[in-house]
Amino acid sequence: MLTCSLSARKKGHVFHSPVVAGEVHTFTVSIVKIRDVPIDACAGVFVLYDFPEGGEMERTPRTGAGSMNPLLNYKSEFDMMVTKEMVARWNFTGIDMMVYGHPMITDPVTLQTDLLNLTEHVSELKLNNSKLETQLTTLQAALEDQKRKLAEEQKKAQSKTCTLL
């Protein structure tokens, strides 16, 4: 169950106003929290909704760790011209919203396996990082050597120029 609201006010006005076809209104979609999310879908929960209708689906940010009652505190505003079709539809229905999430892993064996895999991956990344640091140091030394040689050649060229004058 979603705790949410859709409110409208005439564009440029502060207070809520009746929605009238042919006028531009600012619509605010607020989703405060979700209650009673099944345990097999309570991690990384987000909401998709079709508003304004017919466009791209809007999406809330994902929640963090698993909770059966995640708090979203989501708010989004849309300025749009109201049509007769919108007014007719909203007299009978609201906005379609879909809640998505993935299972919260609580099995200790699965968690331990995941931890071992991640630890192994981190070790590989550290080794690759060490190799890259060694390559970087070698390239920096070669660059400094080239700079030194170039400076020496420039000095020789300047001294030859001075001798010829």
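Predicted model: local features only at pLDDT ≥ 70, side-chain atom pairs only at ≥ 80, totals over all residues.
**View 1. Ala 43 meets its bridge partner, His 102 in strand S6.** S3 and S6 run antiparallel to each other, with five bridges between them.

**View 2. On to strand S4, which pairs with S3.** S3 covers residues 43-49, and two bridges tie it to S4 in an antiparallel arrangement. Look for Leu 48 here: it sits opposite Arg 59 in S4.

**View 3. The whole sheet, in the order S4-S3-S6.** Three strands make up this open sheet, and their pairing is antiparallel. S4 (58-59) and S6 (97-102) are the edge strands; each has a single partner strand, so one side of each has no neighbour in the sheet.

**View 4. Lys 147 and Glu 144 form a salt bridge.** Their closest N and O atoms are 3.6 Å apart. Both residues belong to helix H2 (residues 108-164), three residues apart, or about one turn of the helix. Lys 147 is partly exposed at 47% relative accessibility, and Glu 144 is partly exposed at 48%.

**View 5. A salt-bridge network links Asp 145, Arg 148, Lys 149 and Glu 152.** Arg 148 bridges to Asp 145, with the closest N and O atoms 2.3 Å apart. Arg 148 also pairs with Glu 152, at 3.1 Å between the closest N and O atoms. Glu 152 and Arg 148 are four residues apart in H2, so about one helical turn separates them. Glu 152 is partly exposed, with a relative accessible area of 40%.

Notes:
Residues numbered from 1 in each chain as written. Heavy atoms only, no water. Pairing = 2+ DSSP bridges. Salt bridge = Lys/Arg side-chain N within 4 Å of Asp/Glu carboxyl O. Buried < 20%, exposed > 50% of the residue type's maximum accessible area, 1.4 Å probe, protein only.
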